Amino acid sequence: MLKIEDLQVHLDAEAGLVRAIDGMRLTLSRGQTFALVGESGCGKSMTALALMRLLPDNGRIAGGRLDLDGQDVFDLSEARMRQVRGGRIGMIFQEPGTSLNPVMKVGDQIVEAIEAHTPLRGAQARAKAIDWLRRVGIPEPERRIDEYPFRLSGGQKQRIMIAMTLAAEPDYLIADEPTTALDVTIQAQILELLKDLQRERGLGLLLITHDLGVVSGMAHQVALMYAGQIVEVAPAADFFEAPRHPYARLLLRALPDADRRGEPLAAIAGTVPPLWQTFEGCRFAPRCDRAMVHCATTPPALTGVPDRPVGHEVRCLLYTDVREPLPRAAAQPTVVSEPNQDARRLLLEVRDLKVRYPLSRSLLGGRTRYFDAVGGVSYRIESGRTLALVGESGCGKTTSGKAIVQLLRRQAVIEGQALLYPSGVVGQGAASDLRVDGQPQDLFQLQGEALRAARRQIQIIFQDPFASLNPRLRVQEVLEEGLLALRPELDAPARLALLHELVDQVGLRRDALGRFPHEFSGGQRQRIAIARALAVEPRLIVCDEPTSALDVSVQAQILNLLRELQRSRGLSFLFITHNIGVVEYVADEVAVMQAGRIVESGDCDAVLGRPQQAYTRSLLAAVPRVERRMAG
Ligand code: SF4
């Protein structure tokens, strides 16, 4: 067993001493998976780095033990630690790009690990390396073994990292978001491989993830972390069936799926507190929907839950000594406005869209070779409705979204039509009966003023709220940029009034306008990106994985916001995502893409509930799900 006892990790930061981990204990057994879950900033990754003794320069282990076979790993010399690292305890890092040696062939890196930690040498080690590449799903492993990392995609690098770590045959594996960068089908393959290794070799797995679906399918034990502490630990089945900590209950209710469609998701207000501050009472109190008067002053301890199995412990005063609930401001009723009555109108019709990227030029400057990213897709979007484009990375879903927003005019060859219908055209009945009276414009043919006017009608929100906002501009300038270009008729006071309205609508404070993007959390930045898109009053927003970089609770806030905006403004969304739970929650129609083509499309319930194509079925089967077992 690998036993963590009272682990304390401190970091020196500008704001003061950060207690990143405060008194953690857990036991990982051979052949078992222990999942560590929680929002960003809770201390999950710091735990992994501490266990491997790989803390950053400003960090140190300030207390506790890591017991491996009766020996404290924290007491080992660095030379002994190098044997433990890799050989006894392996680690898969979150970011594969920085974990591989860029000037060494991937095969040599795997062989190095095999020769350092197993008796195999030379040709035998190379054969074993090829075998590992095959097991992690790298195609043509005999050829790819001699590639350098830069020739591989992010997902392939992650699989090489996994192969390299497993090739050393460790007894325990710490996997920090090991499959977050991978497509669902490859993710399913890797998770199955880890399960096989548990059966074959009794691998003990400490799985760090924010994906509760993965946890549900893999874990024997679950520990939920909050602000540097474990707040609930339980056998996995019991955790999902009867979570006790208010934070755990809210997190599970924040997960989007088909059953919650039409109702707001549970959103957890606020953010994880900074860990340089001194806590007097419960760290979750400012965000807790069940806080009591004494929660602000009495720190709860981790204690057993009376009516649950042994091993289910929770850090909450509700289970020690229930007293008076804290009088709280009445919860704000969720504003659910009436759906737009004119919702059944055809807005956009894409016909046989093809996007080709030039790969090389001939000597005379003409283009000779092309890569077909989108090979002829057609779909329709109605006013006030959401079409989800789903598929694995590289299937062309983002490219087709960008083509509609006119972001690829200079880089790619675009064929086909994207017909944008005027806003006054009212349809009747089901989608197939839509009557179209007005003359549409083909977005790909527009130039000059007509193009500018069309651009106003279609906006985009990107996946990464950190990269999509100019860090040198204040929020006011970020939001005004589009207004100045696309709504020149507005004068300065009118623009400011509109900006105030926008930040109110997306749930930011008005003083946010004077601040820079780096001063905001990921969820707040995504709100700024949404406000930027709304500023020019679009009719359609292309949402390119808008929540995949966010924690579950923040994802719930953003999905609630988008849903409310759709109801109040009659907005349409082209929602590009690989998250099937999100699709079930937001989409009216869904189109499944594979290798640049739509292989199946139609009503969301029909496609996801009764998929006709083998590809759709395999995609859905690979998606890890949390079974809705939670009572109450
Ligand atoms: Fe909520 Fe109080 Fe329990 Fe903390 S101790 S989680 S504030 S009820």
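Student: Why does Val623 count as buried?

Tutor: Buried means under 20% relative accessible area, exposed over 50%, and partly exposed in between, with a 1.4 Å probe and protein chains only. Val623 has 13% relative accessibility, so this residue counts as buried. This is a predicted model, in which local features need pLDDT of at least 70 and side-chain atom pairs count only at pLDDT 80 or more, while totals for chains, interfaces and linings use all residues. Residues are numbered from 1 along each chain as its sequence is written, and side-chain values use heavy atoms, with hydrogens and water left out.

Student: Where is Val623, and what does it touch?

Tutor: Val623 is in the segment after helix H20 (614–622); helices (H or I, at least four residues) and strands (E, at least two) are DSSP runs, numbered from the N terminus. Contact means heavy atoms within 4.5 Å. Leaving aside residues up to four places away in sequence, Val623 touches Val184 and Ile580. Val623 and Ile598 are 25 residues apart in sequence, with 19 Å between their C-alpha atoms.

Student: Which residues does Val18 touch?

Tutor: Val18 sits in strand S2 and is buried because its relative accessibility is 14%. With residues up to four places away in sequence not counted, Val18 touches Val9, His10, Leu11, Ala13, Leu275 and Trp276.

Student: Why is strand S9 described as largely enclosed?

Tutor: Five of the six residues of S9 (residues 221–226) are buried, so the strand is largely enclosed by the rest of the structure. S9 runs parallel to S3 (residues 33–37), with four bridges between them, and Phe34 is opposite Gln221. With S10 (residues 229–235), S9 forms six antiparallel bridges, Met225 being opposite Ile230. Two residues separate S9 and S10 in a hairpin, and Ala227 in the turn has a positive phi of about 50 degrees.

Student: How many cavities of 30 Å³ or more are there?

Tutor: Rolling a probe the size of a water molecule over the atoms shows where empty space is left. On a 1 Å grid over the protein atoms alone, a cavity is a set of points where a 1.4 Å probe fits but cannot get out; lining residues have an atom within 4 Å of a point. Grid points are joined across faces, edges and corners, and a volume is the space filled by probe spheres set on the points. The count is three cavities of 30 Å³ or more. The largest cavity holds about 90 Å³; of its 14 lining residues, Cys282, Cys288, Cys295, Cys316 and Leu317 are the closest to the centre. The second largest cavity holds about 60 Å³, and its lining consists of Val37, Gly38, Glu39, His210, Leu212, Leu251, Asp551 and Val552.

Technical notes. 1 Å grid on protein atoms, 1.4 Å probe; cavity = no way out; pocket = protein on both sides within 12 Å on 5 of 7 lines; lining within 4 Å. Pairing = 2+ DSSP bridges.
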